[in-house]
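Colleague: I have a model on screen and want to learn how to read it. Can we go through it feature by feature?

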Amino acid sequence: MSKKLRVGILGATGSVGQRFIQLLENHPWFKVTAVAASERSAGKLYGEAVNWKMTTCLSHSVAQLKIKLAKPPLKCDFVFSGLDAVVAGEIEEEFAQAGYPVISNSKNHRFDPDVPLLIPDVNPDHITIIDYQRKQRGYTTGFIATSPNCSTIGLVMALKPLDDKFGVSKVIVTTMQAISGAGYPGLPSMDIIDNVIPYIGGEEEKVETEPLKLLAKLKRNRFELAKIKISAHCNRVHVLDGHLESVSVKLKNKTSLNRVVAAFKNYRSEPQKLKLPSAPEKPVIVKNEPDRPQTRMDRDTDKGMATTVGRIRPCPIFDYRFTVLSHNTIRGAAGGAILNAELLFNRGYLKLL
Ligand code: NAP
């Protein structure tokens with residue numbers, strides 16, 4: 001590709017914003033040219049304003065960018081949004097209205113009936129709702145596309161191969177979620193060290209509803225939600241990155257353990273066929289060791305973009321149970337949104353403005 005698309009990051013100083021900047025360094029198609037945040041940061045150089053928490057160095061070119069208020073216009077062809085949900089809804093609409101494609105991590109527009117909630121390895125066909133969205137809202141070059149909640153992503157990456165082959169009817173999931181899922185600085189250390197907190201506000205509702213849209217059928221511009229009953233227990237645990245989930249599933253069609261394992265192992269989707277730059281080689285990696293996946297050992301598998309599944313075994317109440325792990329700020333946030341952008345670019349929805 002001769003000329004890279006220019007990217008703006010809304011909420012650039014936050015945990016997700018920093019991860020975007022880290023992951024976009026040396027991206028073959030995209031280049032960060034604008035950063036925006038709140039009044040607290042606007043007007044400062046990014047390198048001075050940000051409390052950089054990534055383990056790689058901040059690039060000189062981004063450090064020198066002046067932070068803008070999160071208002072159009074910005075010098076870019078499209079924006080990623082890692083904005084605080086309190087303000088994300090209106091700001092994202094403003095950008096879409098002004099002609100910018102908005103690829104968001106925030107919850108605000110996930111359930112709008114004309115907005116795709118997208119995991120490229122799960123529901124790439126939902127992208128076409130953008131044409132309808134543009135007609136409905138009078139957007140020209142702009143649109144809004146969203147990514148799911150960080151614990152939903154790992155769960156649905158694991159449910160999709162099973163739903164395709166055998167149909168999923170019921171799910172019980174217990175999450176063990178990393179501290180970074182709450183943004184920086186997150187929980188006070190006195191609350192989380194030596195502790196598990198069995199409550200994350202709004203999380204169980206997201207995990208119980210978002211999979212239904214992700215696994216929906218899109219028919220004549222309407223999402224027919226998947227008919228799956230999900231019960232979620234969400235816990236915050238004392239790890240930095242990586243959401244681990246214990247899952248039990250009831251299937252519509254009975255099958256063998258071997259076929260369940262094969263469904264995970266053989267699953268491939270659009271990002272793999274298209275060889276998108278951020279796509280994991282295999283969306284789901286199966287571990288055979290009895291004590292894997294483990295958060296620290298497996299969260300970075302395939303640059304943090306693969307979902308790891310292990311402990312696949314029969315369930316005495318439902319049909320099968322297993323453990324899922326996915327990196328919450330890479331696959332569950334910035335990396336997932338970058339993969340969305342790569343698919344959108346491939347399908348012609350992102351262009352030089
Ligand atoms: P965060 O660390 O608190 O960062 C929030 C960002 O929003 C900061 O850049 C902040 O800028 C900006 N902001 C706050 N108020 C603003 C305003 N009035 N106008 C413009 N910008 C404003 O949060 P985060 O963890 O990165 O999460 C960002 C979003 O992604 C949230 O909606 C969250 O739910 C979602 N998400 C997070 C994760 C995760 O694992 N952390 C995963 C998936 C989705 P200042 O620095 O100037 O205040």
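Colleague: How many residues surround the ligand, and which are the closest?

Modeller: A word on the source: this is a predicted model, in which local features need pLDDT of at least 70, side-chain atom pairs count only at pLDDT 80 or more, and totals for chains, interfaces and linings use all residues. Residues are numbered from 1 along each chain as its sequence is written, and side-chain values use heavy atoms, with hydrogens and water left out. Now the ligand. A residue is near a molecule if one of its heavy atoms lies within 4 Å of it. Here 27 residues surround the ligand. The closest are Thr13, Val16, Ser38, Arg40 and Ser41.

Colleague: Which polar atoms lie by oxygen atoms of the ligand?

Modeller: Polar contacts are pairs of N or O atoms within 3.5 Å; within protein, one must be able to donate a hydrogen and the other to accept it, and residues adjacent in sequence count only if both atoms are side-chain atoms. Threonine 13 places a polar side-chain atom 2.5 Å from a ligand oxygen. Aspartate 84 has a backbone N or O atom 3.3 Å from a ligand oxygen. For tyrosine 184, a backbone N or O atom lies at 3.5 Å from a ligand oxygen. On its own, the ligand has 910 Å² of accessible area, and the protein covers 81% of that (Shrake-Rupley method, 1.4 Å probe).

Colleague: What about phi of asparagine 26?

Modeller: Asparagine 26 has a positive phi, near 65°.

Colleague: Is histidine 27 buried or exposed?

Modeller: Histidine 27 counts as buried because its relative accessibility is 4%. Its side chain makes a polar contact of 2.6 Å with the side chain of glutamate 342. Histidine 27 also touches Lys4, Pro277, Ser278 and Ile338, leaving out residues up to four places away in sequence (contact is heavy atoms within 4.5 Å).

Colleague: And aspartate 241, buried or exposed?

Modeller: Aspartate 241 is buried, at 15% relative accessible area. A polar contact of 2.7 Å joins the side chains of aspartate 241 and serine 180. Beyond four places in sequence, the contacts of aspartate 241 include Arg19, Thr295, Arg299 and His327.

Colleague: Which residues have the most contacts inside the largest nonpolar core?

Modeller: In soluble globular proteins, nonpolar side chains tend to be buried together. A nonpolar core is a set of buried Ala, Val, Leu, Ile, Met, Phe, Trp, Tyr and Cys residues joined through side-chain atoms within 4.5 Å. The largest one has 40 residues. Those with the most contacts inside it are Ile9, Leu24, Val35, Tyr46, Phe78, Phe80 and Leu344. Helix H13 (330-346) gives two or more residues to this core.

Colleague: How far apart are the C-alpha centres of domain 1 and domain 2?

Modeller: The domain assignment, automatic or from a database, gives domain 1 (5-149 + 334-346) and domain 2 (150-327). Their C-alpha centres lie 24 Å apart. The contact takes 35 residues from domain 1 and 36 residues from domain 2.

Methods: Buried < 20%, exposed > 50% of the residue type's maximum accessible area, 1.4 Å probe, protein only. Helix = DSSP H or I, 4+ residues; strand = E, 2+ residues; numbered from the N terminus.
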